[in-house]
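Hi,

Here is the structure I promised to pass on. Have a look at it first, and then read on for what turned up.

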Amino acid sequence: MSDPFRFLTAVGQALATATLYRPGHPARERSVDAAYQALTRLLEDEPKPRFNFLDGDVVYGPQVLRQLKDWEWGLRLSKVQIQRVEFESPVPRDEFGEFLLDLCQRLAGQASDTAELRQMRESNIRYGPIIVKQGEEAALLSGGAAIAGINYTLDEEIETINWLHQQVQTTDSLPLLEAETVVRSLAVAMHSQGQMFMPLLQLKEFDQYTTTHASNVAVLAMALGEHLRLGSGLVRALGTAGLMHDLGKVKIPHDILVKPGAFTDAERAIMRRHPVDGAKLLLEREKGMELAAVVAYEHHIMLNGDGYPSMHFGRQCHYASKLVHVCDVYDALCTNRPYREAWSSEIALSYVEAKAGVEFDADIVVAFSTMMREHSHQRVAMPDRDPKPAL
């Protein structure tokens, strides 16, 4: 068994034992000791272990612990707003015991006597709901509960998306599990403060566009799916399709992707191959990605048949492609590019509305515009990715 697996198994046993015995009982203390010993061994290999509990997945750092799929205690902790746990060596035994006691009380629906005191002192254990960073600080919006919120910037998700693209470029694999974990993490971030909002990223550097844009389109697609009251499975599938819609760009030379001026005819032809390349990559390297492949192929095809790739026979694009197309264009317009400044949200929405019935599905445009204006006061643009000026 891996150390993170052994540690969480010991934590689960300690929580189960705590339901049977009162605090201080020898059996309860033995289970805490066993979990603490497992943590000590874990800290020897990783001085800052981090766990996320994301909709049935247990994620250790960037790694999904497949043995703990739908782990009972992970599901229960997530329901009481403990979605993330971080340790930093050294962790004293008494502090770890208080941590487990607090988990037990929260799982039992009881207020913890020590939680507020714990927040007032330095601790090497941090845990709580994911709180997406806003402005200079992260507000703690957990319904008044005394619980340590975890600041969350989505940097890890961007790093994972970048790694996914590198894997596709350099290997024959497409790490689907990691991609789905990113989508789950984005979904948790969208609802981390008790209400739906959109943590959209801004660029830090222009060559981050592909990864940042993929994250934003995934978030927008899931938000629009929820707004349209689509089922949770389809909403998640839209998130994955949004994340993968530009996968074919991994085959485009970097200097073309970040070129500040107009493309030559040859460069434009290379750019316009990415929908076909993306669909092929998805179909060749991973089963179960048919919807994402269709969206990757169709997301630049307009309602009137214009766009690319050209279709030999007129037909309607898939509904998911039409939905992602709107999200894709909106985020592209609102993003700083080497050749132009970002448009404001309102101007971008006006453009999308003006193209309804020609480039975009009119019903989807109405839903998207309504959603964006309803959530304009909640939508978060992450501040840590401010664009650098073009040289």
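Before anything else, a word on terms: two residues are in contact when they have heavy atoms within 4.5 Å. Axes are lines fitted to C-alpha atoms, for helices over the stretch in contact, and angles run from 0 to 180 degrees between N-to-C directions. Helices (H or I, at least four residues) and strands (E, at least two) are DSSP runs, numbered from the N terminus.

Please keep in mind that this is a predicted model, where local features need pLDDT of at least 70, side-chain atom pairs count only at pLDDT 80 or more, and totals for chains, interfaces and linings use all residues. Residues are numbered from 1 along each chain as its sequence is written, and side-chain values use heavy atoms, with hydrogens and water left out.

First, the overall picture. The chain has 16 helices and 9 strands. Of its 391 residues, 51% count as buried (under 20% relative accessible area, with a 1.4 Å probe and protein chains only). If you take the contacts between residues at least 6 apart in sequence, 68% of them join residues at least 24 apart.

How far can you trust it? The average pLDDT, which is the predictor's confidence in each residue from 0 to 100, is 84 for the chain, and 84% of the residues score at least 70. Where pLDDT is low, the predicted coordinates should not be read in detail.

Now the sheet. It is open, has 5 strands in the order β3-β2-β1-β4-β5, and its pairing is antiparallel (two strands pair if DSSP finds at least two bridges between them). The edges are β3 (63–64) and β5 (125–128), each pairing on one side only.

Start with β1 (residues 50–54). Since 4 of its 5 residues are buried, β1 is largely enclosed by the rest of the structure. Towards β4 (residues 84–87) there are 3 antiparallel bridges, and Phe51 stands opposite Val85 there. Towards β2 there are 4 bridges, again antiparallel. On that side Phe51 faces Tyr60, while Asn52 stands opposite Val59. β1 and β2 make a hairpin with 2 residues between them, and Asp55 in the turn has a positive phi of about 50°.

β2 is covered on both faces: Asp57 and Val59 on one side, and Val58 and Tyr60 on the other, are all buried.

Helix α1 (residues 3–18) lies across β1, β2 (57–60) and β4, at about 65° to β1.

Finally, take a look at α12 (residues 274–285). This helix of 12 residues reaches 16 Å from its first C-alpha to its last, close to the 16 Å expected at 1.5 Å a residue (that is, 1.5 Å times one less than the number of residues). Its buried residues include His274, Pro275, Leu281 and Leu282. What do the buried residues of α12 pack against? They pack against α6 (155–170), α9 (232–244), α11 (265–271) and α13 (290–298).

Cheers

Conventions: Buried < 20%, exposed > 50% of the residue type's maximum accessible area, 1.4 Å probe, protein only.
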